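Try each task yourself before you read its solution.

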Amino acid sequence: MINMRSPKTIASAALLSLISAASLPDAPHFYLYDQSSPTIAVVDFHNQGISLAAGQTLTERFRLTLAMYTPYSVEASGIKNRFNILNKITRNYSTCTSIGCAVNVGKLLNVDRIVMGNISRESDQYTLSADLISVQMEEIIRSRSLEYIGEMDGIHDYVDTLVTRLFYDELNPNLYASRFLITSDGLTLRQSTFPQLESKIDLELKRNQVLWAMLYSAALPGAGQVYSKRVVIGRRIIGGWTTLGTLLAYNYYHYSTSKKEADRLYASYGPSLVPEDLIAYRPKIQKYGRRMDRANRNMRMIRRFSVIYWMVNMWHTWQVAPRKIEVEPTSILLTMDPAINEVGLSLSFALD
Amino acid sequence: MPLIKQIFQSRLLLWFTGTIITIFTISCADSDYPMDNWIDVPLQEMEPPAVFFNPHEINVSVGDTFAINLYVLQVDSVAGIHLRVQYLREHLQFLDMEVGELFIDAYDTLFLWDSTEASHLDVYSFYLADEYTYSSGTASIATAYFRAKHSLDSELIYLQPWTRMVTPNNEPIIIKSYGKATIRVD
């Protein structure tokens, strides 16, 4: 049985699809990406439960697959380069577990994006995860993870799958082409070419992420940003909202305690006929009344500011919510016209 | 799965309700405690130290007996008081006087009154003071009892300058406000 997840199989299927037509140009000409490809680096994956050498090998596999199937120009793809660059300062950047560390590496290497990953093992269960980080924005663009149960030998295919999951939108169009078959009825979709790829990610893309990000932000400002993988700014917004809530609660507490005291004193003041008591009650009631008014003024101010905060947060969520395609692809499809028995290429270019 | 069902399942609606309540519906009313106790209203217009009557308005019928307190307002370090109260003998009959509470904690307190004069009533209250014995605050000096003789309204007034207060050193305390009482007889 053919392992459909193998990169060799993927490449073979793509090549077979292309050369099956009579008048197809050479395969390399199908790469119509912009020459100024974005640069990316991959720091060594953080390992738990596997050896350092195994972790580095898997990281190299990740880099190789990334270089083969995405339009990125992969930097620091060798240990030598990495150490040559990083030896300038006495810090260990061989692996990173924090965004700050990854961003620092990205800046040192002068790349646009950086990948930080983790491979953990518990008996025969492996968990692979990777975060794609924007060096300029200093935040996670997207994260993917998957689990694998089996021997160490079979994990390489899952590393490839992790690449395709993380860079779904930027995959080599030959892979798109490999998903189509030329039949007598025309172009049809090849079934289950990437079962792991299609099973979950297609569902994710079908979900309206903008709407859900907006809903989350409407319910809790900042949650939409976290949903959109803008974790740093999302947490700050949540922190700000929590601070406003705390201030509101503090003032409401003062308001309610002052009101309780004022009501109690006023209940005694109203029917009293003793001047000594009236003289004593009056300033206290007025004091608690002033406290109530001050707390109420503060609450009104905080409420108005909260409305503005919420509206700005909704606007920001709209701005950062993930749209379906981050990198506008250039697509290549195989076409067939059975009437004239010709096969050709249909090209489309992203205009912006 | 319909969107509404997903929203319910993710408890977003609960969070959203909490946010809306926090922002828009937590509103409180400003304080509203009018100082309109009828006894207190004239007191608010007086500047202490002052002398006044409590109650300041009395409604009685002909022949009724009523009591009225002679009060001092927010006095400080007073050891002796003389109050001269003017009233109309034709309308009101003075019956009796009781000592008040201002000097109630003091030792050797003297309390005297004189109603023999035609047009006024004198009340004296003092104690043998030393530098440590004095009273402060708001309290009654005495309680006077009257009977209404005719169905004519009348007033009780503190006469100046005979109404006065002194400190333990016999220094005069300046009285800044003088109250009055109105007796309405049906």
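The exercises below go from confidence to helices, salt bridges, a surface patch and a sheet.

Some ground rules: this is a predicted model, where local features need pLDDT of at least 70, side-chain atom pairs count only at pLDDT 80 or more, and totals for chains, interfaces and linings use all residues. Residues are numbered from 1 along each chain as its sequence is written, chains are lettered from A and ligands numbered from 1 in the order in which they are written, and side-chain values use heavy atoms, with hydrogens and water left out.

**Exercise 1. Find where confidence is lowest and highest in chain B.**

Step 1: pLDDT is the predictor's confidence in each residue, from 0 to 100. Chain B averages 87, and 87% of its residues score at least 70.
Step 2: For the model's own scores, jot down ipTM 0.84 and pTM 0.56.

**Exercise 2. Check the span of helix H5 (residues 155-166) of chain A, and work out how it is enclosed.**

Step 1: Helices (H or I, at least four residues) and strands (E, at least two) are DSSP runs, numbered from the N terminus. The expected span of a helix is 1.5 Å times one less than its number of residues.
Step 2: With 12 residues, H5(A) should span 16 Å, and its end C-alpha atoms are 16 Å apart, so the two agree.
Step 3: Buried means under 20% relative accessible area, exposed over 50%, and partly exposed in between (1.4 Å probe, protein chains only). In H5(A), 11 of the 12 residues are buried, so the rest of the structure largely encloses this helix. Among them are A:Tyr158, A:Asp160 and A:Arg165.

**Exercise 3. Describe the salt bridge between A:Glu60 and A:Arg63.**

Step 1: A salt bridge puts a side-chain nitrogen of Lys or Arg within 4 Å of a carboxyl oxygen of Asp or Glu. This pair meets at 2.5 Å, N to O.
Step 2: A:Glu60 and A:Arg63 sit three residues apart in helix H2 of chain A, so about one helical turn separates them.
Step 3: A:Glu60 is partly exposed at 28% relative accessibility, whereas A:Arg63 is buried at 2%.
Step 4: A:Asp44 joins these two in a network of salt bridges.

**Exercise 4. Which parts of the chain does the salt bridge of A:Arg230 and A:Glu139 link?**

Step 1: The side chains of A:Arg230 and A:Glu139 meet at 2.8 Å, N to O.
Step 2: The link is between distant parts: A:Arg230 is in the loop between helix H9 (223-227) and helix H10 (231-269) of chain A, and A:Glu139 is in strand E6 (residues 139-149) of chain A, 91 residues apart.
Step 3: A:Arg230 is buried at 19% relative accessible area, and A:Glu139 is buried at 7%.
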